[in-house]
Amino acid sequence: MIGALVSQQAAQYLLSFVYRYAMSLTKTRRDKKIKLITHGLFFMDDMLFTSSSRSSLKQAVRKIDTFAKTEIGVDIKPLWQIQELEKTPIDMMGYLVRADGTVGIRPRVFIRSRRTAQRSNRHGMSLRQARWLSAFKGYYKQKKKTLKFRNYKIMHKLNLYKVFRTAGQIVSINERMILNVTVDTIHGKAGDNAVYAIA
């Protein structure tokens with residue numbers, strides 16, 4: 001069952017209780033309720049919480065950990081990192097988000113995509129490389145302002161826009177060939193007036 005869609009949805013359902021609990025945490029100071037967590041973000045099994053003070057965030061993390069163990073029976077790995085956004089960017093979902101609002105690409109993702117692009121420029125592009133590059137395209141498809149300037153210069157130096165366009169064409173041609181074979185097979189077995197239903 002692990003890895004199935006049901007297990008993923010069950011995990012997200014359980015984590016939704018953790019999210020609601022985390023966003024409801026408060027402390028009282030001078031007869032005023034102050035939220036311990038200002039913002040929260042869950043992506044798959046990653047959690048990101050922001051707060052106005054380090055002590056509030058530490059207190060919230062301890063409470064969230066206790067709640068997850070006692071109420072839901074989920075152990076959260078003790079890998080919490082409390083960082084200052086000014087010094088350390090947020091590394092989540094494959095991107096690096098900095099305090100000034102710029103979005104960068106993880107260094108290892110950038111290096112892997114650059115190497116694949118360089119190989120395809122030198123030796124031609126295989127279908128596998130085209131699929132890889134099509135997957136990497138999403139990391140680069142942003143406005144010029146949000147990408148770090150160094151990455152933007154390298155994109156032009158390697159002519160990545162042309163590489164991504166070529167990769168998209170190769171994948172598209174291959175998918176059309178597969179679709180044509182499938183349609184021909186359906187028509188061959190069911191005749192020209194084939195009927196289908198989509199659920």
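Contact here means heavy atoms within 4.5 Å. The legends below walk through close-up views of a predicted model.

**View 1. Ala-60 and its contacts.** Leaving aside residues up to four places away in sequence, Ala-60 touches Leu-25, Leu-36 and Ile-37. If you widen the view, you meet the largest nonpolar core, which has 14 residues. Ala-60 is among those with the most contacts inside this core, together with Val-18, Ala-22, Leu-25, Ile-37, Phe-49 and Ile-64. Helix 1 (5-24) and helix 2 (54-72) each supply at least two residues of the core, and helix 2 gives the most, with five residues. Another core, of 13 residues, lies apart from this one; Ile-105, Phe-110, Leu-160 and Phe-164 are among its members.

**View 2. The ring pair of Tyr-19 and Phe-42.** The structure holds five aromatic pairs, and this view shows one of them. The ring centres of Tyr-19 and Phe-42 are 5.6 Å apart and the planes stand at 90°, so the pair is edge-to-face. Because Tyr-19 lies in helix 1 and Phe-42 in strand 3 (residues 39-43), the pair ties together parts that are 23 residues apart in sequence. Tyr-19 is partly exposed, at a relative accessible area of 33%, and Phe-42 also counts as partly exposed, at 22% relative accessibility.

**View 3. The ring pair of Phe-49 and Trp-80.** Here the centres of the two rings, Phe-49 and Trp-80, are 6.3 Å apart with planes at 25°, so the pair is stacked. Phe-49 sits in strand 4 (residues 46-50) and Trp-80 in the loop between helix 2 and strand 5 (90-92), so the pair ties together parts 31 residues apart in sequence. Phe-49 counts as buried, at 9% relative accessibility, whereas Trp-80 is partly exposed, with a relative accessible area of 29%. Step back to take in both pairs: Tyr-19, Phe-42, Phe-49 and Trp-80 form one aromatic cluster.

**View 4. Arg-20 over a ring.** Arg-20 lies over the face of Phe-17, 5.0 Å from the ring centre.

**View 5. The two sides of helix 3.** Helix 3 (residues 107-123) has 17 residues and reaches 24 Å from its first C-alpha to its last, close to the 24 Å expected at 1.5 Å a residue. Its buried residues are Val-109, Phe-110, Ser-113, Thr-116, Ala-117 and Ser-120. These cover an arc of only 135° around the axis, and therefore they lie on the same side of helix 3. On the other side, look for Pro-107, Arg-108, Arg-122 and His-123, which are exposed. Just after helix 3 comes Gly-124, with a positive phi of about 90°.

How values were computed
Residues numbered from 1 in each chain as written. Predicted model: local features only at pLDDT ≥ 70, side-chain atom pairs only at ≥ 80, totals over all residues. Heavy atoms only, no water. Helix = DSSP H or I, 4+ residues; strand = E, 2+ residues; numbered from the N terminus. Expected span 1.5 Å × (residues − 1). Buried < 20%, exposed > 50% of the residue type's maximum accessible area, 1.4 Å probe, protein only. Arc of directions from axis to C-beta. Core = buried A, V, L, I, M, F, W, Y, C linked by side-chain atoms within 4.5 Å. Phe/Tyr/Trp six-rings, centres within 6.5 Å; stacked < 30°, edge-to-face > 60°. Lys NZ or Arg CZ within 6 Å of the ring centre and 35° of its normal.
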